[in-house]
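Subject: Structure for you to look at

Hi,

Here is the structure I promised. Please open it next to this email. My notes follow below.

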Amino acid sequence: MKEIKIETILHVFDSFEALPKEALTLMNHAIEARKRAYAPYSNFLVGAAILLDNNEIITGNNQENASYPSGLCAERTAIYYAGSQFPNVAIVSMAISASSTKNKTAKPIPPCGACRQAIAEYEIKQNSPIEIYFMGETGAIAKSKSLSDLLPFAFDKKVL
Ligand code: THU
């Protein structure tokens, strides 16, 4: 028996203003997208913004449905649109902001497991890291330099 230890690194920016300029712009797009989320059932609004290597910014937000599982998270709404419109353009980074009408979200809210898996697919496909910045409505912003830092030991196509 051997033990395998997996470590991961996150960077945390104490405030919005501490973000690098490009990330701040991207996060502002995520926040605007969040405000357009359709989340009447959970009242939990999420916005995601993607910076592509051609400088295009793609945004998405969560889209809920009366048949709950039919809804989709913000990150996947955005990344599937990016993949469908720009299949050959690499994704540089993604910014995510989440808020709730029930309580104030003031700490970084990470993407769910299904979204991490979806983002991992594109990171592996393009063979270059996708930076992820995530926050609540206010407060600190966490950054991972690669999706693989958020989903170590991911399932990927090499095993198929
Ligand atoms: N949600 C996202 O949009 N992204 C995530 O990473 C986690 C959850 C959405 C799904 C649902 O509309 C609401 O937030 C509550 O789970």
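Start with a loop. Asn 127 sits in the loop that connects α3 (113-126) and β5 (131-135). Keep in mind that this is a predicted model. Asn 127 is not a glycine, yet its phi is positive, near 55 degrees. Most residues other than glycine have a negative phi. Asn 127 also counts as exposed, at 69% relative accessibility.

Asn 55 is another such case. Its phi is positive too, about 75 degrees, and Asn 55 is not a glycine. Look for Asn 55 in the loop between β2 and β3 (57-61). With a relative accessible area of 60%, Asn 55 is exposed.

Next, the ligand. Which residues surround the ligand? The shell consists of Ser 42, Phe 44, Val 46, Asn 62, Glu 64, Cys 73, Ala 74, Glu 75, Pro 111 and Cys 112. By type, six are nonpolar, two are polar and two are charged. Two elements, β2 (44-52) and α2 (74-85), supply at least two shell residues each.

- Asn 62: an N or O atom of the side chain is 2.9 Å from an oxygen atom of the ligand.
- Glu 75: an N or O atom of the side chain is 2.8 Å from a nitrogen atom of the ligand.
- Cys 112: a polar backbone atom is 2.8 Å from an oxygen atom of the ligand.

The ligand taken alone exposes 370 Å², and the protein buries 75% of that.

Now helix α1, residues 21-35.

The buried residues of α1 are Ala 23, Leu 26, Met 27, Ala 30, Ile 31, Ala 33 and Arg 34. Seen down the helix axis, they fall within an arc of 160 degrees, so they line one face of α1. The face turned away from that buried side carries the exposed residues Lys 21 and Lys 35.

The side chains of Arg 34 and Ser 97 are joined by a polar contact of 2.7 Å. Ser 97 belongs to strand β4 (residues 91-100). Ser 97 counts as buried because its relative accessibility is 0%, and Arg 34 is among the buried residues of α1.

Best wishes

How values were computed: Residues numbered from 1 in each chain as written. Predicted model: local features only at pLDDT ≥ 70, side-chain atom pairs only at ≥ 80, totals over all residues. Heavy atoms only, no water. Near = heavy atom within 4 Å. Polar contact = N/O pair within 3.5 Å; in protein donor to acceptor, adjacent residues only side chain to side chain. Areas by Shrake-Rupley, 256 points an atom, 1.4 Å probe, with all protein chains shown as cover. Helix = DSSP H or I, 4+ residues; strand = E, 2+ residues; numbered from the N terminus. Nonpolar A, V, L, I, M, F, W, Y, C, P; charged D, E, K, R; others polar. Expected span 1.5 Å × (residues − 1). Buried < 20%, exposed > 50% of the residue type's maximum accessible area, 1.4 Å probe, protein only. Arc of directions from axis to C-beta.
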